[in-house]
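Subject: Two-chain model for your files

Dear colleague,

Please find the structure below, as promised. My notes on what was found in it follow.

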Amino acid sequence: MHPMEQSSPRASTYLAEGAAHGEAASKTSADHAGNALSPGGPSPKMRARNLTVRYGPIVAVTDVSLDVPARQVLALIGPSGCGKSTFLRSLNRMNDTVPGAVVSGDVELDGQSICGTEIDPVLVRKRVGMVFQRASPFPTSIFENVAYTVRVAAHRGQRDVADRVEHALRQAELWNEVKDRLKESGTSLSGGQQQRLCIARALAVEPEVLLMDEPTSALDPIATAKIEELVSELRKGLTIVIVTHSMQQAARISHRTGFFNMGSLIEVGDTTTMFTRPREHQTEDYISGRFG
Amino acid sequence: MVADSGMVSVSAHGERSRSFRRRGPRALQGWTSGDALFRKVCTAFGLAIVALLALLLYELARGSSLSLSRFGFGFAFEKVWDPVAEKFGAATFIYGTMVTSVIALLVAVPLGVGIAIFLVEMAPPAVGNIIGFLVELLAAIPSIVYGLWGLFVLAPLVRDHVAPFLHATLGFLPFFSGESHGVGMLTAGLVLSIMVLPFIAAVSRDVLAAVPQPLREGSLALGATKWETIWGVVLPYGRTGIGGSVILALGRALGETMAVTMVIGNTPQIVLSLFEPGYTMSSVIANEYSEASGPLYLSSLTELGLLLFIATFAVNGTARALIWRMAHGPGGRA
C-alpha cells in the first residue's frame, strides 16, 4: 500500500483549510512554528527542522524549519544565492555528494528522519527524486535514458521495462513526440524535450516527492509552459517542491510559496496570500521587484 | 607642409604627416613588426616534424628494401631466423611482441581504469593528488630500472610463486603449461603492464574528470548507487577516451625495448605457454643490430623496425583520434 494513499483524504481537508491558514500562521509568526502547517492539520509529507547547511566556512542555509504538504506544489523563491537550492538538495540528501557540505538539523519523510548515518541516501533518493536546472540526458538513447532508471528502481532483467519506459514518457507528456525515435540519442532532443526526458527519468523511479531545481530557467516560454502544465498534472499524485526564479511561475503552479533570503526562510504561506498580503516587509520588497 | 598637416591630427611631426599624405591617415602597410617573419619561422619548425617523420619512414623503407625484395610479404609469416643461413622471418618476433603487449593490457587496463575511478570518483582531493602524482611518476622511471627490477625481483617471484599458482589453478589451459624459469613472456608482460599503467590511469583519469557533474548528479538523484552511476553513466560517457588510453598504452607496449629484452629470455620461438621465453621485435633489433653482418641481415632488422614503426604509428594515431573524438567529436558533449 502506498503511504500517500492513506493520507489523501486528509490532504483534501487541508486544501479546504488552506484559505484560513494564512491567518492562523500570522498569529504564530514569532516562532518557527509559523512555518509549519497549522496544528491539528494533516501531517506533512516532508518536514525540515532547524536545518543548517554549511559548505566549509560558508553557511548556505541557516536554521530553516519548513513543512512540505503532501500532494501539493511548494514553490521556493528568493534571490540568487539565497540558499533555496541548497535547502532543496538537503531534502533528498544530495548535499552528501558535495565535498565539505555539513548538514545539521533534521529532515523527515513521512515522519521518519532521513538524516541519520544509518539512513541510506540511495533509498531516500528513490522516494524523493530530483530534476535539475540544466537537463542532462545520459549519453545514451532516449529509451535507455528512462530504462536506466527503471532498472535502478527495481531489478535488472525485468520484462516490463519497455512498458514502464512508455508509462514514464507518457507521464512526462513526451511519448507522442519521441515514440518513433526512441533509439536516437537523448541529446538530440530540444532543450524542453530534454528536460521532460529528465522528468520522465525521475518519474520512472516512481518517487513520492519530486524536487525541481529551476527546471525551466534554461528554457524558452513555450517549453516552460509545457513543463508547467506537466507540473500541474503531476501534482495530483505527487508532492512537488520547485525552486524557481520566476515569481509568475510560483504564482501559476504552486499551492504554497516559501521565500528565502540570505540563507534564511523569511516567510512561507499560501501562494495567493504570499503574493497579495505578505507578512514580511522583505517578502513584499522582493515580490514587488525592489531587490533580487 | 603645414597646410597639409592641418587635415591630420598629428600636425607637429613633419615626417609623419608627409607619409600620411602618401598613404592616407596612419600607416597600414609595411613591416610594422617581426610577426610575419616569426610566423614563417614557427611554421617551418612545425613542418619540420612532418619532414622528420617522412624522412624516418623513407630511411626505414630504403634500409629494408633488400629484405623486402628478397622475402616480400612472407617476411612477416616466416618463423626461421637464421643469420648464418641468411634466412630471415619476423613471425616469432611479431608473436612475442603481440603476446607480451596483450598480457600487459590484460593486467593494466582493469588496474588503470580502477585507479582512475578511485582518483576521480572516490578519493578525497588530497589523497587523489598524491596518488595521481605517484602514478605519473611510474612513467618517469627509466626502463632499465624496470628491467633490473623485473630480472632480480619479479622473475624469481614469477618462477617460485606466480607460475606454480597459475599452473595449479589454470594449468588445463595451454598458456600455463610447463614450468617457469623466471624469465619469459609472462614476466615480460607483467613488467610491461606496470610500465603502461600510468598511461591508462592518467588518461582515463582526465577522461573521467571531464564527465559533466550534472550527469553524475542526475543519476544519483534518481536513487542510483555510486556503482550504478559509475557503471551506467560515467564509464559509458568516457568509454571512447578510455579506449584511447588503452590503445595509447598498446602503442607504448609494442615499442618498449630495454626492460623487455632483459626479462623475456630472447629466444625466437612460437609457443603457447607464457612461461616460456620469447623474443620481441624491438628486443631483436637492440640485441643484434650492432653485430649484424651482411647487408641482408641488416636489411631484415631494418624491416622489423619499419614494421614496428608502422604498427605503433597506426596504433597511436587511432588512440589520438579516439581521445580527440571524446573531447570534440559528435559524441563529445563538451
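Chain A has 11 helices and 10 strands. This is a predicted model, and everything reported here is computed from it. Of the 292 residues in chain A, 53% count as buried. The chain exposes about 12,700 Å², and carbon and sulfur atoms supply 51% of that area. If one takes the contacts in chain A between residues at least 6 apart in sequence, 67% of them join residues at least 24 apart.

Chain B contains 13 helices and 2 strands. Its length is 334 residues, of which 41% count as buried. For chain B, 72% of the contacts between residues at least 6 apart in sequence join residues at least 24 apart.

On the interface: 17 residues of chain B are in contact with 21 residues of chain A. The two chains bury about 1,700 Å² between them, and carbon and sulfur atoms give 67% of this. Glu217(B), Ala221(B) and Leu222(B) together supply 36% of the area that chain B buries against chain A, more than any other three residues.

The count of salt bridges between the chains is 1. Its partners are Arg89(A) and Glu217(B), whose closest N and O atoms are 2.7 Å apart.

Two helices of chain B, H9 (213–220) and H10 (226–255), each supply at least two residues of the side that touches chain A. H9(B) gives the most to that side, with 6 residues. By residue class, the side of chain B that touches chain A divides into 8 nonpolar, 6 polar and 3 charged residues.

Two serines were also looked at, one in each chain.

Ser217(A) sits in the loop that runs between strand S7 (209–213) and helix H8 (221–234) of chain A. Its relative accessibility is 39%, so Ser217(A) counts as partly exposed. The side chain of Ser217(A) makes a polar contact with the side chain of Gln133(A), at 3.0 Å. A polar atom of the Ser217(A) side chain also lies 3.3 Å from the backbone oxygen of Glu214(A). As for Val107(A), it is 110 residues from Ser217(A) along the chain, and the C-alpha atoms of the two are separated by 27 Å.

Ser283(B) belongs to helix H12 of chain B, which covers residues 281–288. Is this serine buried or exposed? Ser283(B) counts as buried because its relative accessible area is 0%, and the cut-off for buried is under 20%. The side chain of Ser283(B) makes a polar contact with that of Thr280(B), at 2.7 Å. Leaving aside residues up to four places away in sequence, Ser283(B) touches Thr257(B), Val260(B), Thr261(B) and Asn266(B).

Regards

Notes: Residues are numbered from 1 along each chain as its sequence is written. Chains are lettered from A and ligands numbered from 1 in the order in which they are written. This is a predicted model: local features need pLDDT of at least 70, side-chain atom pairs count only at pLDDT 80 or more; totals for chains, interfaces and linings use all residues. Side-chain values use heavy atoms; hydrogens and water are left out. Contact means heavy atoms within 4.5 Å. Buried area is the accessible area (1.4 Å probe) that two parts lose on being put together, summed over both. A salt bridge is a side-chain nitrogen of Lys or Arg within 4 Å of a carboxyl oxygen of Asp or Glu. Helices (H or I, at least four residues) and strands (E, at least two) are DSSP runs, numbered from the N terminus. Ala, Val, Leu, Ile, Met, Phe, Trp, Tyr, Cys and Pro count as nonpolar, Asp, Glu, Lys and Arg as charged, and the others, Gly among them, as polar. Buried means under 20% relative accessible area, exposed over 50%, partly exposed in between (1.4 Å probe, protein chains only). A polar contact is a pair of N or O atoms within 3.5 Å; within protein, one must be able to donate a hydrogen and the other to accept it, and residues adjacent in sequence count only if both atoms are side-chain atoms. Accessible areas come from the Shrake-Rupley method with a 1.4 Å probe; for residues, only the protein chains shown count as cover.
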